[in-house]
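Q: Could you take a close look at one part of this model for me, the open sheet and what packs around it? I'd like the cut-offs spelled out as you go.

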Amino acid sequence: MKEYLKLIGFFNSFSDAELDDFSTIAEVVATRDMEMIIRENEEGRGLYFVVKGDFEVVKKISGKKYKRLQRLDRGDFFGEMSILNDEKHSASVISRDQGILIFISKEAFHDLSTRNSRFTLKIMKELATILSQRLRHMNLKYGMSVAQLESRL
């Protein structure tokens, strides 16, 4: 498990002891080609880290039609909202080939937070940093789209 965690940039600043602690609550999940990992509008189960494979975040448009929102590969994570809040998934994630994920259930994460609040604070800080980078990127993309539309008027 620790070898997988060391492949994920999210854990670069974590000590071996912290990786050992995280390993006790995480599990390795092997995925198949075209497997739906999480489904839009379903309850969140936990947080996934991509170790190996190609994954897509997709949004259902109609019937069996989906729109790709984002591509995920090694080091990326998804399902974080199930740890942060109890809302349903806003999109689905599909494995595009065979892959390997590290999974931590929201129950295991909350148990860890009662045992080691300092460590879970470190995880939450890392999540917040990456989520704020994602938001900044989306704001930039949105701003550029608005500017393009306004220049056409």
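A: Here's a walk through the sheet, strand by strand, and then the core around it.

First, the ground rules: this is a predicted model, where local features need pLDDT of at least 70 and side-chain atom pairs count only at pLDDT 80 or more, while totals for chains, interfaces and linings use all residues. Residues are numbered from 1 along each chain as its sequence is written, and side-chain values use heavy atoms, with hydrogens and water left out.

The sheet is open and has four strands in the order E1-E8-E3-E6, with antiparallel pairing. Strands here are DSSP runs of E with at least two residues, helices are runs of H or I with at least four, and both are numbered from the N terminus. Two strands pair if DSSP finds at least two bridges between them. At the edges you find E1 (27-31) and E6 (77-78); each has a single partner strand, so one side of each is left without a neighbour in the sheet.

Going across from E1, five antiparallel bridges tie it to E8 (residues 99-105), and Ala 30 sits opposite Ile 100 in E8. E8 in turn pairs with E3 over six antiparallel bridges, with Phe 103 of E8 as the bridge partner of Tyr 48. On to E6: E3 pairs with it over two bridges, again antiparallel, and there Phe 49 has Phe 77 as its bridge partner.

E3 is largely enclosed by the rest of the structure, because six of its seven residues are buried (under 20% relative accessible area; over 50% is exposed, in between is partly exposed, with a 1.4 Å probe and protein chains only). Helix H4 (residues 106-115) lies across E3 (46-52) and E8, at about 55 degrees to E8. That angle is taken between N-to-C directions, on a scale from 0 to 180 degrees, using lines fitted to C-alpha atoms, for helices over the stretch in contact.

Now Phe 49 again. Among the residues it touches are Phe 10, Phe 11, Phe 22, Phe 77 and Ile 100, not counting residues up to four places away in sequence; contact means heavy atoms within 4.5 Å. Phe 49 is also one of the residues with the most contacts inside the largest nonpolar core, which has 25 residues. Such a core is a set of buried Ala, Val, Leu, Ile, Met, Phe, Trp, Tyr and Cys residues joined through side-chain atoms within 4.5 Å. H2 (16-23), E3, E8, H4 and H5 (117-152) each supply at least two residues of this core, and H5 gives the largest share, five residues.
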